[in-house]
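Keep the structure in view as you read.

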Amino acid sequence: MDLVELVDSSHATGDVKFLRAKDELRAALAPMRREGSSIGLVPTMGYLHDGHLSLLRAARAECDLVVMSLFVNPTQFGPGEDLDRYPRDEERDLRLAAEAGVDIVYAPPVEDVYPEGFATQVEVGGGLTDVLDGDPARRGPGHFRGVTTVVAKLLNTVGPKVAYFGQKDAQQVAVIRRMVRDLDIPVRIEVLATVREADGLAMSSRNAYLDPGERERATALSRALRAAEATAGSEGLAAALATARAELRAAGIEPEYLEARDAENLNPVAESNGRPVLIAVAAQVGGARLIDNVLIQL
Ligand code: AMP
């Protein structure tokens, strides 16, 4: 079905504008901004699940106008990563966005975001982007350079009062908060809890890659994190990590990383120092590279 038709036939679920061009987006937002409407932005790569929907609902509850961007950003995928097979279903996304009360879905083509001659990158340093997923042996700092560059562009184009992100991508949250602070971007970053399946698996568009056996094994990630959380208070972080590692091993999962870090500056932490601690894990489970984390206050 043509997307325009889909929008036209979706009035029952609310009027959502579907825009591909940055100029159209700017033009649609300008009168709203003049009227003083508050704009909420939810950046996504689409293939929406309940994690995305919780961000959209929060934006709907708090802002006059909700903009969802839908863009599978090629610059945050490394060579050999899953850019080409990343799941996409624009029609379904548009329907779900309309149902969640989104006003504008901005789904630009790659050329609109990165036109000929594009030569500027936004890179956050400070040890935030070369650890965990940013470690050169893993996704590498280029991943976060891609994320911060595209998010900075979206924030500039949309000019939201609030931008919504998920705790599921805890490192991304730390990196974006730092970028916004360092570059004086006038936006409030709102972070929502990780939404999980009934058996604990963190929702992710990449869960679509899991076959039934892998899907079952993947529950070990959240189980490991829950075990770590339960252990950390009484036995400390080293014991917590050991407990988590044992849970993973029992499911035949060798993590890419399983680490305790300061939730804000991502420095390694060995013992409680009163600041929030992030226990983060990444692992390849069959065809999917999965990440998950738990935030603990010791
Ligand atoms: P993505 O489309 O995967 O780039 O995600 C778009 C936004 O949704 C990001 O801010 C993610 O952190 C957030 N998100 C993804 N999965 C979840 C989840 N399970 N719970 C809460 N937020 C999520």
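This is a predicted model. Start at the ligand. Around it stand 17 residues, and Met 45, His 52, Asp 169, Val 195 and Met 203 come nearest. By class, eight of the residues in this shell are nonpolar, seven are polar and two are charged.

Now look at the backbone. A polar backbone atom of Gly 166 is 3.0 Å from an oxygen atom of the ligand. Val 195 places a backbone N or O atom 2.8 Å from a ligand nitrogen. Met 203 has a polar backbone atom 2.9 Å from a nitrogen atom of the ligand. The protein buries 93% of the 480 Å² that the ligand exposes when taken alone.

Which elements give two or more residues to the shell around the ligand? They are β2 (39–44), α3 (50–62) and β5 (162–166). The largest share, three residues, comes from α3.

Two of these elements lead into a sheet. Strands of a sheet pair through backbone hydrogen bonds, either parallel or antiparallel. Here six strands form an open sheet with parallel pairing, in the order β1-β4-β3-β2-β5-β6. At its edges stand β1 (17–19) and β6 (188–192). Each has a single partner strand, so one side of each is left without a neighbour in the sheet. From one strand to the next, the twist averages 25°.

Follow β2 and β5, which run parallel and are joined by two bridges. Leu 41 has Ala 163 in β5 as its bridge partner. Helix α3 packs on this sheet and touches β2, β3, β5 and β6. Its direction makes about 155° with that of β5. Helix α2 (residues 22–34) lies across β1, β2, β3 (65–70) and β4 (104–106). It runs at about 150° to β4.

Move on to another sheet. This open sheet has three strands in the order β7-β8-β9, and the pairing is antiparallel. The edge strands are β7 (257–262) and β9 (288–296). Each has a single partner strand, so one side of each lacks a neighbour in the sheet. Direction ignored, neighbouring strands here are turned by 15° against each other on average.

Six bridges join β7 to β8 (residues 277–285), and the two run antiparallel. Glu 259 has Ala 280 in β8 as its bridge partner. Helix α9 (residues 219–235) packs on the sheet, touching β8 and β9, and its direction makes about 20° with that of β9. Helix α10 (residues 237–250) lies across β7, β8 and β9. It runs at about 155° to β7.

Key. Residues numbered from 1 in each chain as written. Predicted model: local features only at pLDDT ≥ 70, side-chain atom pairs only at ≥ 80, totals over all residues. Heavy atoms only, no water. Near = heavy atom within 4 Å. Polar contact = N/O pair within 3.5 Å; in protein donor to acceptor, adjacent residues only side chain to side chain. Areas by Shrake-Rupley, 256 points an atom, 1.4 Å probe, with all protein chains shown as cover. Helix = DSSP H or I, 4+ residues; strand = E, 2+ residues; numbered from the N terminus. Nonpolar A, V, L, I, M, F, W, Y, C, P; charged D, E, K, R; others polar. Pairing = 2+ DSSP bridges. Axes fitted to C-alpha atoms, helices over the stretch in contact; angles between N-to-C directions. Contact = heavy atoms within 4.5 Å.
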